[in-house]
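Work through the exercises below with the model open beside the text, and try each task before reading its solution.

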Amino acid sequence: GHQAGDEVLREVARVLTSCVRESDAVGRYGGEEFMAYLVHTDPAGAGAPAERIRATVEDKVFTFPQGTYRITISTGMAAFPGPDHIGRDELIRRADVALYEGKTTGKNKVVVYGENG
């Protein structure tokens with residue numbers, strides 16, 4: 001139900017916040033999507049916290065009156081600045097493309113935009 005879903009979202013937000021540095025920013029982007037802005041971090045450096053977030057969520061056990069549940073997440077990453085100069089909207093679009101790739105190619109994974117072509 002809604003209350004269980006809200007609790008899952010709150011816990012995912014706590015995991016996100018605990019897996020990034022104080023200088024980074026985390027927020028809910030919409031629905032069940034979150035965004036993290038990792039300051040002064042290239043894609044290789046962002047991979048470690050993204051994988052830590054993914055693994056921490058996967059290991060989390062959620063207990064509700066209806067039963068015990070586990071969830072998984074996929075993450076999409078994009079870098080700025082990159083080889084081309086893009087704006088905020090394009091950066092978000094690229095992260096969404098990577099996220100969608102993760103969801104359609106097996107879920108529960110970290111995908112960097114442009115890594116697979």
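A residue is called buried when its relative accessible area is under 20%, exposed when that area is over 50%, and partly exposed in between, using a 1.4 Å probe and protein chains only. The model is predicted, so local features need pLDDT of at least 70 and side-chain atom pairs count only at pLDDT 80 or more, whereas totals for chains, interfaces and linings use all residues. Residues are numbered from 1 along each chain as its sequence is written, and side-chain values use heavy atoms, with hydrogens and water left out.

**Exercise 1.** Determine which secondary structure elements the protein chain holds and in what order they run.

*Solution.* Begin with the assignment, in which helices (H or I, at least four residues) and strands (E, at least two) are DSSP runs numbered from the N terminus. Counting these runs gives three helices and six strands in the protein chain. Reading from the N terminus, the order is α-β-β-α-β-β-β-α-β. Finally, turn to overall size: the radius of gyration of the protein chain is 15 Å, close to the 13 Å of the globule rule for 117 residues, so the chain is as compact as a globular protein of that length. Here the radius is taken over C-alpha atoms, and the rule is 2.2 Å times the number of residues to the power 0.38.

**Exercise 2.** Is aspartate 24 buried or exposed, and with which residues is aspartate 24 in contact beyond its neighbours within four places in sequence?

*Solution.* First locate aspartate 24, which sits in the loop between helix H1 (2–18) and strand S1 (25–30). Next compare its relative accessible area of 11% with the cut-off: aspartate 24 is buried. Then look for partners, where contact means heavy atoms within 4.5 Å; with neighbours within four places in sequence set aside, aspartate 24 touches Tyr37, Leu38 and Val39. Last, its side chain makes a polar contact of 2.8 Å with the side chain of arginine 21, a polar contact being a pair of N or O atoms within 3.5 Å, of which, within protein, one must be able to donate a hydrogen and the other to accept it, while residues adjacent in sequence count only if both atoms are side-chain atoms.

**Exercise 3.** Examine the backbone of lysine 107 and asparagine 108, and state where lysine 107 lies.

*Solution.* Lysine 107 belongs to the loop between helix H3 (88–104) and strand S6 (110–112), and asparagine 108 is placed in the loop between H3 and S6. Phi is near 65° for lysine 107, a positive value in a residue other than glycine; for asparagine 108 phi is near 55°, again positive in a non-glycine residue.
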